[in-house]
Amino acid sequence: MDQEKKITTPLDDKSVRQSKAGDSVLITGYIYTGRDAAHKRLIELIEKHQELPIDIKGQIVYYVGPAPAKPGYPCGSAGPTTSYRMDPYAPYLLDRGLKGMIGKGLRSKEVIESMKKNKAVYFGAIGGAAALIARSIKKSEIIAYEDLGAEAIHRYYVEDFPAIVIIDCQGNNLYETEPPKYKR
Amino acid sequence: MRKVKVNQIKNKVKELFLKANYHIDQELMSLLQKSLKEETSPIGKSVLQMIIENNKIASSEEIAICQDTGLAVVFVELGQDVQITDGDFTEAINQGVREAYQEGYLRKSVVDDPVFERKNTKTNTPAVIYTDIVSGDKIKFLVMPKGFGSENMSALAMLKPADGPEGIVNFIVEIVKKAGPNPCPPTIIGVGIGGTADRAMVIAKKAIARKIGKHNQNEKYAAMEKEALEKINNSGIGPAGLGGKTTSLAINIDYLPTHIAGMPVAINVCCHAARHAEGIL
(Lines give C-alpha, C1' and ligand atoms only; values in the text may rest on other atoms or scores of the structure.)
Protein backbone atom coordinates (compact mmCIF):
# COMPACT_ATOMS: atom_id res chain seq x y z
CA MET A 1 0.00 0.00 0.00
CA ASP A 2 1.01 3.60 -0.55
CA GLN A 3 2.47 5.73 2.20
CA GLU A 4 -0.23 6.93 4.59
CA LYS A 5 -1.18 10.59 4.36
CA LYS A 6 -1.71 12.62 7.52
CA ILE A 7 -4.91 14.63 7.69
CA THR A 8 -5.96 17.04 10.43
CA THR A 9 -9.43 18.30 11.26
CA PRO A 10 -11.26 20.55 10.61
CA LEU A 11 -10.91 19.96 6.89
CA ASP A 12 -10.36 22.81 4.48
CA ASP A 13 -11.00 22.76 0.74
CA LYS A 14 -7.35 22.10 0.02
CA SER A 15 -7.15 18.96 2.16
CA VAL A 16 -10.45 17.78 0.68
CA ARG A 17 -9.17 18.29 -2.87
CA GLN A 18 -5.91 16.51 -2.07
CA SER A 19 -7.71 13.45 -0.72
CA LYS A 20 -7.90 11.03 -3.62
CA ALA A 21 -9.85 7.78 -3.77
CA GLY A 22 -7.46 5.02 -2.71
CA ASP A 23 -5.38 7.14 -0.33
CA SER A 24 -4.65 5.59 3.04
CA VAL A 25 -4.98 8.35 5.62
CA LEU A 26 -4.36 8.89 9.30
CA ILE A 27 -6.77 11.44 10.76
CA THR A 28 -5.87 13.59 13.77
CA GLY A 29 -8.09 16.11 15.54
CA TYR A 30 -11.70 16.32 16.66
CA ILE A 31 -14.40 14.33 14.89
CA TYR A 32 -18.10 13.92 15.73
CA THR A 33 -20.09 10.71 15.95
CA GLY A 34 -23.59 10.30 14.62
CA ARG A 35 -25.77 7.49 13.35
CA ASP A 36 -29.42 6.82 12.59
CA ALA A 37 -31.22 8.41 15.54
CA ALA A 38 -28.92 11.45 15.88
CA HIS A 39 -29.15 12.16 12.14
CA LYS A 40 -32.93 12.02 12.30
CA ARG A 41 -32.93 14.66 15.04
CA LEU A 42 -30.42 16.90 13.26
CA ILE A 43 -32.46 16.89 10.08
CA GLU A 44 -35.66 17.63 12.02
CA LEU A 45 -33.92 20.75 13.38
CA ILE A 46 -32.79 21.77 9.90
CA GLU A 47 -36.31 21.38 8.56
CA LYS A 48 -37.60 23.59 11.38
CA HIS A 49 -34.83 26.13 10.61
CA GLN A 50 -33.39 25.69 14.10
CA GLU A 51 -29.77 25.76 15.16
CA LEU A 52 -27.83 22.49 15.31
CA PRO A 53 -26.16 21.45 18.59
CA ILE A 54 -22.81 21.31 16.75
CA ASP A 55 -21.24 23.56 14.15
CA ILE A 56 -20.59 21.10 11.36
CA LYS A 57 -18.67 23.43 9.03
CA GLY A 58 -15.45 21.74 7.98
CA GLN A 59 -16.08 18.81 10.30
CA ILE A 60 -16.03 15.04 9.89
CA VAL A 61 -18.91 12.88 11.08
CA TYR A 62 -18.07 9.30 12.03
CA TYR A 63 -20.94 6.84 11.65
CA VAL A 64 -20.50 4.85 14.85
CA GLY A 65 -22.32 3.69 17.93
CA PRO A 66 -19.50 2.74 20.29
CA ALA A 67 -19.50 0.01 22.90
CA PRO A 68 -19.30 1.30 26.49
CA ALA A 69 -15.78 2.08 27.71
CA LYS A 70 -14.17 -0.38 30.07
CA PRO A 71 -12.68 1.39 33.13
CA GLY A 72 -9.34 2.91 32.18
CA TYR A 73 -10.25 3.25 28.51
CA PRO A 74 -11.30 6.59 26.94
CA CYS A 75 -13.69 4.77 24.63
CA GLY A 76 -15.11 1.31 23.99
CA SER A 77 -14.74 -0.59 20.72
CA ALA A 78 -15.78 1.79 17.96
CA GLY A 79 -15.83 0.59 14.36
CA PRO A 80 -17.92 2.08 11.58
CA THR A 81 -21.57 1.27 10.98
CA THR A 82 -23.02 0.83 7.48
CA SER A 83 -23.36 4.25 5.86
CA TYR A 84 -26.31 3.83 3.49
CA ARG A 85 -28.77 4.24 6.36
CA MET A 86 -27.55 7.84 6.69
CA ASP A 87 -27.93 8.50 2.94
CA PRO A 88 -31.32 10.21 3.21
CA TYR A 89 -29.84 12.65 5.73
CA ALA A 90 -26.27 13.24 4.52
CA PRO A 91 -27.00 15.82 1.76
CA TYR A 92 -28.64 18.14 4.33
CA LEU A 93 -25.43 18.18 6.35
CA LEU A 94 -23.18 18.46 3.30
CA ASP A 95 -25.18 21.50 2.18
CA ARG A 96 -24.39 23.05 5.55
CA GLY A 97 -20.64 22.61 5.28
CA LEU A 98 -19.91 19.07 6.47
CA LYS A 99 -16.65 18.10 4.75
CA GLY A 100 -16.10 14.48 5.66
CA MET A 101 -17.92 11.28 6.57
CA ILE A 102 -16.36 8.10 7.95
CA GLY A 103 -18.30 4.87 7.56
CA LYS A 104 -18.39 1.67 5.61
CA GLY A 105 -20.27 0.48 2.57
CA LEU A 106 -22.04 1.93 -0.44
CA ARG A 107 -23.43 5.46 -0.77
CA SER A 108 -26.38 6.60 -2.86
CA LYS A 109 -26.10 8.55 -6.09
CA GLU A 110 -27.65 11.56 -4.31
CA VAL A 111 -24.97 11.55 -1.61
CA ILE A 112 -22.15 11.30 -4.17
CA GLU A 113 -23.65 14.15 -6.21
CA SER A 114 -23.92 16.26 -3.07
CA MET A 115 -20.28 15.46 -2.18
CA LYS A 116 -19.17 16.65 -5.60
CA LYS A 117 -21.27 19.79 -5.37
CA ASN A 118 -20.18 20.65 -1.83
CA LYS A 119 -16.61 19.31 -2.08
CA ALA A 120 -16.62 16.62 0.58
CA VAL A 121 -14.93 13.27 1.08
CA TYR A 122 -16.12 9.83 2.17
CA PHE A 123 -13.62 7.87 4.22
CA GLY A 124 -13.93 4.15 4.88
CA ALA A 125 -12.91 2.65 8.18
CA ILE A 126 -12.62 -1.11 8.37
CA GLY A 127 -15.84 -2.64 9.64
CA GLY A 128 -15.28 -4.97 12.54
CA ALA A 129 -11.84 -3.58 13.38
CA ALA A 130 -13.50 -1.84 16.32
CA ALA A 131 -11.04 -2.68 19.09
CA LEU A 132 -8.10 -1.65 16.91
CA ILE A 133 -9.73 1.62 15.78
CA ALA A 134 -10.62 2.51 19.39
CA ARG A 135 -6.89 2.75 20.15
CA SER A 136 -6.74 5.92 18.05
CA ILE A 137 -9.56 7.56 20.03
CA LYS A 138 -7.88 9.44 22.85
CA LYS A 139 -10.78 11.41 24.31
CA SER A 140 -14.53 11.03 24.13
CA GLU A 141 -17.28 13.33 25.38
CA ILE A 142 -21.00 13.49 24.76
CA ILE A 143 -22.01 16.70 22.99
CA ALA A 144 -25.71 16.14 22.35
CA TYR A 145 -28.60 13.69 22.71
CA GLU A 146 -27.27 11.86 25.76
CA ASP A 147 -30.61 10.06 26.03
CA LEU A 148 -29.73 8.12 22.87
CA GLY A 149 -26.98 6.21 24.68
CA ALA A 150 -24.58 4.73 22.12
CA GLU A 151 -26.35 6.79 19.46
CA ALA A 152 -25.65 10.12 21.21
CA ILE A 153 -23.41 12.61 19.41
CA HIS A 154 -19.91 12.23 20.86
CA ARG A 155 -16.92 14.38 20.18
CA TYR A 156 -13.76 12.31 19.82
CA TYR A 157 -10.20 13.49 19.83
CA VAL A 158 -8.43 11.04 17.52
CA GLU A 159 -4.77 10.55 16.74
CA ASP A 160 -3.82 8.77 13.54
CA PHE A 161 -7.26 7.30 13.04
CA PRO A 162 -6.78 4.79 10.16
CA ALA A 163 -9.05 5.21 7.14
CA ILE A 164 -9.08 4.96 3.36
CA VAL A 165 -10.52 7.55 0.98
CA ILE A 166 -13.32 5.60 -0.67
CA ILE A 167 -15.10 8.37 -2.58
CA ASP A 168 -13.32 11.66 -3.27
CA CYS A 169 -14.80 15.06 -4.04
CA GLN A 170 -14.67 14.33 -7.76
CA GLY A 171 -16.80 11.24 -7.31
CA ASN A 172 -14.04 8.66 -7.87
CA ASN A 173 -15.25 5.59 -6.04
CA LEU A 174 -13.00 2.77 -4.82
CA TYR A 175 -15.98 0.40 -4.56
CA GLU A 176 -16.40 0.77 -8.32
CA THR A 177 -12.77 0.81 -9.41
CA GLU A 178 -11.12 -1.89 -7.23
CA PRO A 179 -13.33 -5.03 -7.35
CA PRO A 180 -13.28 -5.26 -11.21
CA LYS A 181 -9.47 -5.60 -11.03
CA TYR A 182 -9.83 -8.83 -9.11
CA LYS A 183 -12.81 -10.26 -10.97
CA ARG A 184 -12.07 -13.61 -12.57
CA MET B 1 -35.84 -36.01 35.94
CA ARG B 2 -32.61 -34.09 36.32
CA LYS B 3 -33.13 -30.75 38.02
CA VAL B 4 -31.45 -27.60 36.68
CA LYS B 5 -31.84 -24.30 38.51
CA VAL B 6 -32.56 -21.15 36.52
CA ASN B 7 -29.52 -19.56 38.12
CA GLN B 8 -27.28 -22.10 36.36
CA ILE B 9 -28.95 -21.24 33.05
CA LYS B 10 -28.48 -17.53 33.65
CA ASN B 11 -24.80 -17.98 34.51
CA LYS B 12 -24.13 -20.19 31.50
CA VAL B 13 -25.78 -17.77 29.06
CA LYS B 14 -23.86 -14.86 30.56
CA GLU B 15 -20.54 -16.72 30.33
CA LEU B 16 -21.16 -17.67 26.69
CA PHE B 17 -22.11 -14.16 25.54
CA LEU B 18 -19.01 -12.69 27.15
CA LYS B 19 -16.83 -15.35 25.53
CA ALA B 20 -18.43 -14.90 22.10
CA ASN B 21 -18.06 -11.11 22.14
CA TYR B 22 -14.38 -11.12 23.13
CA HIS B 23 -12.87 -14.18 21.47
CA ILE B 24 -12.97 -15.25 17.83
CA ASP B 25 -12.43 -18.99 17.67
CA GLN B 26 -9.05 -20.35 16.65
CA GLU B 27 -10.24 -22.08 13.48
CA LEU B 28 -11.62 -18.79 12.16
CA MET B 29 -8.38 -16.99 13.07
CA SER B 30 -6.40 -19.65 11.18
CA LEU B 31 -8.66 -19.26 8.16
CA LEU B 32 -8.15 -15.47 8.23
CA GLN B 33 -4.37 -16.04 8.35
CA LYS B 34 -4.60 -18.41 5.40
CA SER B 35 -6.69 -15.89 3.46
CA LEU B 36 -4.12 -13.20 4.20
CA LYS B 37 -1.39 -15.36 2.66
CA GLU B 38 -3.46 -16.08 -0.44
CA GLU B 39 -4.94 -12.60 -0.99
CA THR B 40 -3.36 -10.78 -3.92
CA SER B 41 -4.91 -7.31 -3.46
CA PRO B 42 -2.66 -4.97 -1.42
CA ILE B 43 -5.66 -3.19 0.12
CA GLY B 44 -7.29 -6.57 0.74
CA LYS B 45 -4.18 -7.78 2.51
CA SER B 46 -4.01 -4.72 4.70
CA VAL B 47 -7.71 -5.10 5.62
CA LEU B 48 -7.18 -8.74 6.61
CA GLN B 49 -4.14 -7.75 8.67
CA MET B 50 -6.22 -5.16 10.52
CA ILE B 51 -8.97 -7.70 11.18
CA ILE B 52 -6.49 -10.24 12.58
CA GLU B 53 -4.79 -7.60 14.71
CA ASN B 54 -8.19 -6.39 15.93
CA ASN B 55 -9.24 -9.87 16.99
CA LYS B 56 -6.00 -10.35 18.92
CA ILE B 57 -6.46 -7.03 20.77
CA ALA B 58 -10.09 -7.83 21.64
CA SER B 59 -9.17 -11.27 22.95
CA SER B 60 -6.16 -10.25 25.03
CA GLU B 61 -7.83 -7.16 26.52
CA GLU B 62 -11.28 -8.74 26.79
CA ILE B 63 -13.04 -5.94 24.95
CA ALA B 64 -15.70 -6.21 22.25
CA ILE B 65 -14.41 -7.46 18.88
CA CYS B 66 -16.95 -5.19 17.17
CA GLN B 67 -18.91 -2.32 18.69
CA ASP B 68 -22.05 -3.95 17.30
CA THR B 69 -22.28 -6.64 19.94
CA GLY B 70 -25.44 -7.76 18.27
CA LEU B 71 -28.92 -8.88 18.95
CA ALA B 72 -28.62 -11.81 21.36
CA VAL B 73 -29.67 -14.99 19.56
CA VAL B 74 -29.85 -18.18 21.60
CA PHE B 75 -30.41 -21.69 20.26
CA VAL B 76 -31.37 -24.13 22.99
CA GLU B 77 -31.54 -27.91 22.80
CA LEU B 78 -33.50 -28.80 25.88
CA GLY B 79 -33.38 -32.42 27.03
CA GLN B 80 -36.85 -33.74 27.79
CA ASP B 81 -35.60 -35.29 31.03
CA VAL B 82 -34.59 -31.91 32.48
CA GLN B 83 -36.77 -30.17 35.01
CA ILE B 84 -36.13 -26.45 35.32
CA THR B 85 -36.57 -25.21 38.88
CA ASP B 86 -36.61 -21.99 40.90
CA GLY B 87 -37.95 -19.71 38.21
CA ASP B 88 -38.70 -18.94 34.60
CA PHE B 89 -36.59 -20.39 31.76
CA THR B 90 -36.97 -17.46 29.32
CA GLU B 91 -36.36 -14.92 32.04
CA ALA B 92 -33.18 -16.76 33.07
CA ILE B 93 -31.81 -16.49 29.53
CA ASN B 94 -32.70 -12.80 29.33
CA GLN B 95 -31.12 -12.16 32.71
CA GLY B 96 -27.93 -13.83 31.49
CA VAL B 97 -27.93 -11.52 28.48
CA ARG B 98 -28.60 -8.44 30.64
CA GLU B 99 -25.73 -9.22 32.99
CA ALA B 100 -23.27 -10.04 30.20
CA TYR B 101 -24.01 -6.82 28.31
CA GLN B 102 -24.02 -4.65 31.43
CA GLU B 103 -20.99 -6.10 33.19
CA GLY B 104 -19.02 -6.87 30.05
CA TYR B 105 -19.13 -3.33 28.56
CA LEU B 106 -21.07 -4.54 25.53
CA ARG B 107 -23.34 -2.26 23.53
CA LYS B 108 -27.06 -2.43 24.11
CA SER B 109 -28.59 -2.37 20.66
CA VAL B 110 -32.22 -3.40 21.12
CA VAL B 111 -35.13 -1.00 20.54
CA ASP B 112 -38.58 -1.84 21.91
CA ASP B 113 -40.78 -0.73 19.02
CA PRO B 114 -39.27 -1.32 15.57
CA VAL B 115 -41.28 1.35 13.74
CA PHE B 116 -42.36 4.27 15.90
CA GLU B 117 -40.68 4.94 19.25
CA ARG B 118 -37.51 2.88 18.66
CA LYS B 119 -36.62 3.35 22.34
CA ASN B 120 -33.54 1.47 23.51
CA THR B 121 -34.41 -1.16 26.14
CA LYS B 122 -30.94 -0.50 27.63
CA THR B 123 -30.44 -4.16 28.52
CA ASN B 124 -29.95 -5.70 25.08
CA THR B 125 -33.03 -7.81 25.77
CA PRO B 126 -35.26 -9.47 24.83
CA ALA B 127 -33.08 -12.15 23.30
CA VAL B 128 -34.27 -14.13 20.26
CA ILE B 129 -34.62 -17.66 21.60
CA TYR B 130 -35.18 -20.88 19.65
CA THR B 131 -35.84 -23.97 21.72
CA ASP B 132 -35.87 -27.54 20.45
CA ILE B 133 -36.95 -30.34 22.79
CA VAL B 134 -34.56 -33.26 22.39
CA SER B 135 -33.99 -36.56 24.18
CA GLY B 136 -31.68 -36.76 27.19
CA ASP B 137 -31.14 -34.80 30.39
CA LYS B 138 -28.82 -32.01 29.26
CA ILE B 139 -29.36 -28.45 28.05
CA LYS B 140 -27.19 -27.35 25.16
CA PHE B 141 -26.77 -23.65 24.36
CA LEU B 142 -25.50 -22.02 21.20
CA VAL B 143 -25.33 -18.24 21.61
CA MET B 144 -24.78 -15.86 18.74
CA PRO B 145 -24.43 -12.08 19.16
CA LYS B 146 -25.69 -11.15 15.69
CA GLY B 147 -24.57 -7.84 14.22
CA PHE B 148 -27.01 -6.05 11.98
CA GLY B 149 -24.70 -4.68 9.29
CA SER B 150 -24.67 -8.22 7.95
CA GLU B 151 -28.16 -9.23 9.14
CA ASN B 152 -29.60 -6.41 7.00
CA MET B 153 -28.17 -8.09 3.89
CA SER B 154 -30.14 -11.32 4.46
CA ALA B 155 -32.71 -12.53 1.94
CA LEU B 156 -35.38 -15.11 1.27
CA ALA B 157 -36.51 -16.55 -2.06
CA MET B 158 -39.38 -18.96 -2.54
CA LEU B 159 -37.83 -20.67 -5.55
CA LYS B 160 -39.58 -23.15 -7.81
CA PRO B 161 -38.48 -26.79 -7.56
CA ALA B 162 -37.56 -26.48 -11.26
CA ASP B 163 -34.97 -23.82 -10.40
CA GLY B 164 -32.78 -26.63 -9.04
CA PRO B 165 -29.26 -26.30 -7.63
CA GLU B 166 -28.33 -23.79 -10.32
CA GLY B 167 -31.13 -21.44 -9.26
CA ILE B 168 -30.01 -21.73 -5.65
CA VAL B 169 -26.34 -21.03 -6.35
CA ASN B 170 -27.26 -18.07 -8.57
CA PHE B 171 -29.47 -16.65 -5.83
CA ILE B 172 -26.71 -16.93 -3.21
CA VAL B 173 -24.13 -15.32 -5.50
CA GLU B 174 -26.53 -12.54 -6.50
CA ILE B 175 -27.33 -11.64 -2.88
CA VAL B 176 -23.67 -11.57 -1.84
CA LYS B 177 -22.72 -9.45 -4.85
CA LYS B 178 -25.56 -7.03 -4.20
CA ALA B 179 -24.47 -6.66 -0.57
CA GLY B 180 -20.97 -5.68 -1.75
CA PRO B 181 -19.02 -3.98 1.05
CA ASN B 182 -22.00 -3.50 3.38
CA PRO B 183 -21.91 -6.71 5.49
CA CYS B 184 -18.16 -6.42 6.32
CA PRO B 185 -16.65 -9.03 4.03
CA PRO B 186 -15.08 -11.54 4.19
CA THR B 187 -18.41 -12.99 5.21
CA ILE B 188 -19.76 -16.35 6.28
CA ILE B 189 -23.02 -17.14 4.52
CA GLY B 190 -25.60 -19.37 6.17
CA VAL B 191 -28.11 -20.89 3.76
CA GLY B 192 -31.26 -22.75 4.74
CA ILE B 193 -33.11 -24.71 2.08
CA GLY B 194 -36.51 -26.34 2.53
CA GLY B 195 -38.97 -26.38 5.41
CA THR B 196 -41.14 -23.28 5.36
CA ALA B 197 -40.15 -19.65 4.75
CA ASP B 198 -39.57 -19.11 8.47
CA ARG B 199 -37.90 -22.44 9.20
CA ALA B 200 -35.47 -21.98 6.31
CA MET B 201 -34.21 -18.73 7.83
CA VAL B 202 -33.75 -20.29 11.26
CA ILE B 203 -31.55 -23.10 9.92
CA ALA B 204 -29.68 -20.56 7.76
CA LYS B 205 -28.82 -18.62 10.89
CA LYS B 206 -27.74 -21.73 12.77
CA ALA B 207 -25.60 -22.82 9.80
CA ILE B 208 -23.40 -19.74 10.31
CA ALA B 209 -22.07 -21.38 13.48
CA ARG B 210 -20.89 -24.53 11.68
CA LYS B 211 -17.32 -25.54 12.49
CA ILE B 212 -14.88 -23.88 10.07
CA GLY B 213 -13.67 -26.24 7.35
CA LYS B 214 -16.71 -28.55 7.48
CA HIS B 215 -19.02 -29.03 4.52
CA ASN B 216 -22.53 -30.45 4.41
CA GLN B 217 -22.31 -34.23 4.76
CA ASN B 218 -24.46 -34.68 1.68
CA GLU B 219 -22.04 -34.43 -1.24
CA LYS B 220 -24.55 -32.74 -3.53
CA TYR B 221 -25.09 -29.95 -1.03
CA ALA B 222 -21.37 -29.73 -0.34
CA ALA B 223 -20.83 -29.28 -4.09
CA MET B 224 -23.27 -26.34 -4.10
CA GLU B 225 -21.37 -24.78 -1.18
CA LYS B 226 -18.09 -25.06 -3.05
CA GLU B 227 -19.50 -23.76 -6.32
CA ALA B 228 -21.16 -20.75 -4.65
CA LEU B 229 -17.97 -19.95 -2.70
CA GLU B 230 -15.83 -20.07 -5.82
CA LYS B 231 -18.20 -17.83 -7.78
CA ILE B 232 -18.42 -15.34 -4.92
CA ASN B 233 -14.66 -15.20 -4.50
CA ASN B 234 -14.28 -14.65 -8.23
CA SER B 235 -16.51 -11.57 -7.99
CA GLY B 236 -13.58 -9.37 -6.94
CA ILE B 237 -15.44 -7.71 -4.04
CA GLY B 238 -12.72 -8.68 -1.55
CA PRO B 239 -12.05 -7.74 2.09
CA ALA B 240 -14.14 -4.71 3.12
CA GLY B 241 -15.38 -4.59 -0.48
CA LEU B 242 -12.16 -2.88 -1.56
CA GLY B 243 -11.11 -5.53 -4.07
CA GLY B 244 -9.59 -8.96 -3.77
CA LYS B 245 -10.39 -12.62 -3.78
CA THR B 246 -11.44 -13.06 -0.15
CA THR B 247 -15.12 -12.09 -0.27
CA SER B 248 -16.57 -15.02 1.69
CA LEU B 249 -14.83 -17.43 4.03
CA ALA B 250 -17.50 -20.13 3.93
CA ILE B 251 -20.90 -20.96 2.48
CA ASN B 252 -22.74 -23.25 4.89
CA ILE B 253 -25.90 -24.85 3.52
CA ASP B 254 -28.33 -26.85 5.64
CA TYR B 255 -31.57 -28.36 4.41
CA LEU B 256 -34.87 -29.78 5.56
CA PRO B 257 -37.73 -31.68 3.93
CA THR B 258 -40.23 -29.32 2.32
CA HIS B 259 -43.59 -29.17 0.53
CA ILE B 260 -44.13 -30.71 -2.94
CA ALA B 261 -44.85 -27.24 -4.33
CA GLY B 262 -41.86 -25.33 -3.03
CA MET B 263 -38.17 -24.78 -2.47
CA PRO B 264 -37.61 -22.01 0.10
CA VAL B 265 -34.06 -20.65 0.15
CA ALA B 266 -33.04 -18.39 3.03
CA ILE B 267 -29.74 -16.57 3.23
CA ASN B 268 -28.43 -15.24 6.52
CA VAL B 269 -25.30 -13.17 6.13
CA CYS B 270 -22.63 -12.92 8.82
CA CYS B 271 -19.61 -10.60 8.86
CA HIS B 272 -16.03 -11.77 9.39
CA ALA B 273 -16.60 -11.34 13.13
CA ALA B 274 -18.63 -14.56 13.21
CA ARG B 275 -19.18 -14.71 16.93
CA HIS B 276 -20.73 -17.66 18.67
CA ALA B 277 -20.13 -19.89 21.68
CA GLU B 278 -21.51 -23.22 22.83
CA GLY B 279 -21.98 -24.73 26.24
CA ILE B 280 -23.77 -27.61 27.95
CA LEU B 281 -25.50 -27.83 31.34
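Phe123(A) touches Val25(A), Gly100(A), Met101(A), Ile102(A), Ala163(A), Ile164(A), Val165(A) and Ile166(A), leaving out residues up to four places away in sequence. Two residues are in contact if their C-beta atoms, placed from the backbone, lie within 7 Å. This is a predicted model: local features need pLDDT of at least 70, side-chain atom pairs count only at pLDDT 80 or more, and totals for chains, interfaces and linings use all residues. Residues are numbered from 1 along each chain as its sequence is written, while chains are lettered from A and ligands numbered from 1 in the order in which they are written.

The largest nonpolar core has 135 residues, and Phe123(A), Val74(B), Val143(B), Ile172(B) and Val191(B) have the most contacts inside it. Such a core is a set of buried Ala, Val, Leu, Ile, Met, Phe, Trp, Tyr and Cys residues joined through C-beta atoms within 7 Å. Strand S7 (residues 153–167) of chain A gives the largest share of this core, nine residues. Domain 1 (2–20 + 65–146) and domain 2 (149–274) of chain B both give residues to this core, so it lies between them. In soluble globular proteins, nonpolar side chains tend to be buried together.

Next comes the contact between the chains. It takes 38 residues from chain A and 42 residues from chain B. On the side of chain A that touches chain B, helix H5 (130–134) and helix H6 (174–177) of chain A each supply at least two residues. H5(A) gives the most to that side, with three residues. By class, that side of chain A has 21 nonpolar, eleven polar and six charged residues. Here Ala, Val, Leu, Ile, Met, Phe, Trp, Tyr, Cys and Pro count as nonpolar, Asp, Glu, Lys and Arg as charged, and the others, Gly among them, as polar.

Now take chain B as a whole. It has eight helices and ten strands. These are DSSP runs, numbered from the N terminus: helices are H or I with at least four residues, strands are E with at least two. Buried residues make up 52% of the 281 residues in chain B. A residue is buried if 20 or more other C-beta atoms lie within 10 Å of its own, exposed if 12 or fewer, and partly exposed in between.

Chain B is divided into domain 1 and domain 2, with bounds from an automatic or database domain assignment. Their C-alpha centres lie 26 Å apart. The contact between them takes nine residues from domain 1 of chain B and seven residues from domain 2 of chain B. On the domain 1 side, strand S2 (71–79) and strand S5 (139–146) of chain B give two or more residues. S5(B) gives the largest share, three residues.

Ile212(B) is found in the loop between helix H7 (197–207) and helix H8 (219–233) of chain B. Ile212(B) counts as partly exposed because it has 17 C-beta neighbours inside 10 Å. Leaving aside neighbours within four places in sequence, Ile212(B) is in contact with Glu27(B), Leu28(B), Leu31(B) and Ala250(B). In H8(B), the buried residues include Met224(B), Glu225(B) and Ala228(B). The buried residues of H8(B) pack against helix H6 (164–179) and strand S8 (248–258) of chain B.
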